[in-house]
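User: Hi! Could you walk me through this one? I'd like to ask a few quick things as we go.

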Amino acid sequence: MWAIVQRVLVLSVTLVCASAQGWEFEGEVFGQVRLFSEAPDYPGQASQNQSIAVELSAYHEFSKALSFEFVPFFRQDFQDDERSHGDIRQAYALWAGSNVEVGVGINKVFWGVTEAQHLVDIINQTDAIEALDQEEKLGQPMLSLSLPLANGLVDIYLMPYFRERTFAGKAGRLRPAIVIDTDNPVYEHRDREHHLDWAIRLKQSFEQTELALSYFEGTGRDPSIVRSTTQSTTVLAPYYPQIRQFGFEAQYIRNAWLWKLETIYREGQPNLQFSVDNYYAVTGGFEYNMYAIFNTTHDLGIILEGIYDERKDLALSAQEEDIVVGTRWTLNNLNSTEILALWIQDADTSAHNLVLEFSMHYGKSVAITLEALMFSGYPGAEPFNDLNADRLGGQLRQDDYLQIEVGYFF
Amino acid sequence: MTRAHLRFPSRHKNSTMFSRLIVCFLLALPLLASGETAEQQGRAIFEEIDRRDLGFADFSSRQEMVLRNQSGQESRRVMDNTVLEGDTDGDKVLIVFREPKHIRGTALLTHAHRVGNDDQWLYLPALGRVKRISGASRAGSFVGSEFAYEDLSPQEVDDYTYQYLGDDALGDNDCYKVVRTPTDPDSGYTRQIVWVDKSEYRIHKIEFYDRKQALIKVLTVSGYKKYLDKYWRPGHLSMINQLDGKMTEMIASEYVFRQGLSDEDFNENSLRRVR
């Protein structure tokens with residue numbers, strides 16, 4: 001990976017320097033503190049966490065049709081070495097013709113319609129060490145082709161290089177009891193991270209309905225976990241199988257209502273007990289928005305979504321049979337204050353999470369966010385050799401936190 | 001109620017054949033033929049506004065909003081606004097936010113429809129996600145300003161029913177005064193009183209009345225300039241909330257017309273590559 005990163009860096013820096021005129025430069029710096037309310041469960045974990053992150057962007061238009069964007073990211077974490085990491089989020093040249101769009105380089109692509117989780121979204125690896133919401137992604141090297149249809153679009157992606165998921169290290173919180181050994185990933189395919197993955201997505205809009213069908217074939221982004229025990233130690237290694245995934249997205253809009261559905265069928269992914277188990281999973285529900293409520297300037301949005309994973313207890317995540325209720329309250333004041341609350345309730349145990357988010361900006365360049373995450377009612381994680389999906393979540397139950405983040409944008 | 005408005009009915013009542021002819025002659029302005037009802041007169045004024053704006057094809061501008069609350073605190077929003085003229089349906093509008101910087105690159109695409117709810121999509125650059133927005137946002141505040149989405153969205157003649165109230169002088173401008181009633185039940189207003197100047201058919205002032213029939217906001221539009229020798233665009237808009245004294249000033253500049261834009265620049269796919 002490092003060789004590729006170096007090559008992209010050199011190429012990008014050369015490009016930027018070669019024609020410094022006409023480039024747009026932007027950036028943002030974040031200071032982040034996470035305060036954990038409970039004592040850590042596992043040896044070596046810290047009780048709080050401080051980090052600084054930087055994301056820069058250089059953008060240039062060579063012509064109306066041809067553009068290039070370079071976005072490096074780096075986080076320095078003062079407790080967890082694994083969370084100190086850099087990534088090239090984007091280094092992407094895009095040529096937009098009248099009937100075709102061709103892109104080459106490292107880019108970020110989002111698929112999906114639901115809010116509670118992003119089932120169908122598979123092009124980019126999750127930068128899981130950044131946040132738990134699956135919304136921070138690692139840059140994905142790709143060649144992409146977009147063809148517009150009447151009221152629709154076909155996207156085709158070739159992905160020659162695979163990115164491994166990031167995990168917290170020994171000192172990090174929000175990790176399993178045994179640290180995932182990211183230095184020794186296991187691949188099903190002998191080409192390892194160089195396997196050529198590909199994907200296609202077809203999207204169509206019909207008046208108030210939007211539908212999308214997608215297919216992915218290649219190295220699965222979600223690792224199954226391989227467990228190996230020597231005399232004294234147990235090691236957990238990420239295992240990246242070859243998978244095939246069929247995805248379907250639907251959205252129906254009617255007045256203030258947005259009905260949403262995402263479903264996948266995946267072949268080739270080993271489950272929690274490491275046996276290959278083809279499965280389907282669904283997320284669906286609605287979003288309802290109210291504007292200028294009670295004669296104020298406030299807006300209020302409500303979401304209700306259900307999550308179902310056919311593997312149930314053998315799913316790779318604790319969100320396998322859950323109901324998610326959420327509300328977003330937008331105050332429409334000078335500081336653009338927004339408050340988000342999410343309740344994630346397991347359907348057959350008392351396990352639940354509460355997420356609270358508060359955000360505002362100060363002046364034109366500063367943004368402040370507070371985020372609180374609470375785990376409640378989860379079963380204990382032990383014994384570790386008999387895990388189920390809920391007890392996966394149980395491994396994090398001491399990790400309630402309050403995160404304070406201040407961003408400066410320039 | 002203006003004097004001009006009161007004068008109209010009395011003139012008809014007392015008119016002889018001769019004076020009626022004179023009145024007809026005086027009113028032979030194309031829109032106000034004496035046989036028309038106040039509804040028709042009102043609608044005709046807005047059809048004329050619409051007609052005079054035909055053929056601009058596309059234009060863009062930078063808009064700077066200054067939001068001010070009761071205690072004088074200020075906050076700024078800056079955005080680039082691009083409009084594509086609709087031929088068979090309503091206009092398409094793309095708004096890209098520049099400030100505050102934490103939402104820079106966020107883009108809102110609206111397809112206005114002559115009939116029914118507009119379609120709206122939001123592009124969130126941090127996620128690379130295009131998110132559909134439900135259609136009932138019209139009455140909502142636009143990024144915390146005193147402008148509602150519906151105040152800024154493209155206006156179609158059929159969005160309202162009209163009633164001509166009479167003439168009124170507004171500063172140096174001799175204006176028609178028309179009350180219009182939104183046809184959309186999701187609108188935050190029961191009616192708006194609009195001042196339109198007679199010489200160029202430009203809107204100079206709007207009074208907005210809420211669901212309780214109370215005057216809630218007053219918009220003043222000024223700094224009009226003519227582009228391409230035909231299309232008038234304002235340089236300054238001021239929206240003052242009559243209930244709490246909050247206000248939003250909007251300065252519009254850098255108008256550029258006819259960049260050769262097309263539908264392909266206003267769809268979900270182009271939204272993904274907005275800068």
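This is a predicted model: local features need pLDDT of at least 70, side-chain atom pairs count only at pLDDT 80 or more; totals for chains, interfaces and linings use all residues.

User: Which residues touch the most other members in the largest nonpolar core?
Analyst: Those are B:Ile45, B:Tyr164, B:Tyr176, B:Val178, B:Val194 and B:Val196, in a core of 25 residues. Elements of chain B that each supply at least two residues to this core include helix H3 (38-52), strand E1 (58-68), strand E8 (173-182) and strand E9 (191-197).

User: Which element gives the largest share of that core?
Analyst: That would be E7(B), with four residues.

User: Switching to confidence: what does chain B average in pLDDT?
Analyst: The average for chain B is 86, and 87% of the residues score at least 70.

User: Where does pLDDT fall below 50?
Analyst: One such stretch is residues 1-16 of chain B, which has 13 contacts in the model beyond near neighbours in sequence. Residues 24-28 of chain B also stay under 50, and the model gives them four contacts beyond four places in sequence.

User: Now the interface. How many residues of chain B are in contact with chain A?
Analyst: On the chain B side there are 27 residues, and they contact 34 residues of chain A. Two elements of chain B give two or more residues to that side: strand E2 (74-84) and strand E6 (129-133).

User: How do the residues on that side of chain B divide into nonpolar, polar and charged?
Analyst: The side of chain B that touches chain A has five nonpolar, 14 polar and eight charged residues.

User: Last topic, chain A. What's the strand order in its open sheet of three strands?
Analyst: The order is E8-E12-E11 in chain A, with mixed pairing. Strand E8 (186-187) and strand E11 (224-229) of chain A are the edge strands, each pairing on one side only.

User: How many bridges join E11(A) and E12(A)?
Analyst: Six bridges, in the antiparallel sense, with E12 of chain A covering residues 234-240. If you want a spot to look at, A:Val226 stands opposite A:Ala237 in E12(A).

Note on methods. Residues are numbered from 1 along each chain as its sequence is written. Chains are lettered from A and ligands numbered from 1 in the order in which they are written. Two residues are in contact if their C-beta atoms, placed from the backbone, lie within 7 Å. Ala, Val, Leu, Ile, Met, Phe, Trp, Tyr, Cys and Pro count as nonpolar, Asp, Glu, Lys and Arg as charged, and the others, Gly among them, as polar. pLDDT is the predictor's confidence in each residue, from 0 to 100. A nonpolar core is a set of buried Ala, Val, Leu, Ile, Met, Phe, Trp, Tyr and Cys residues joined through C-beta atoms within 7 Å. A residue is buried if 20 or more other C-beta atoms lie within 10 Å of its own, exposed if 12 or fewer, and partly exposed in between; C-beta atoms are placed from the backbone. Two strands pair if DSSP finds at least two bridges between them.
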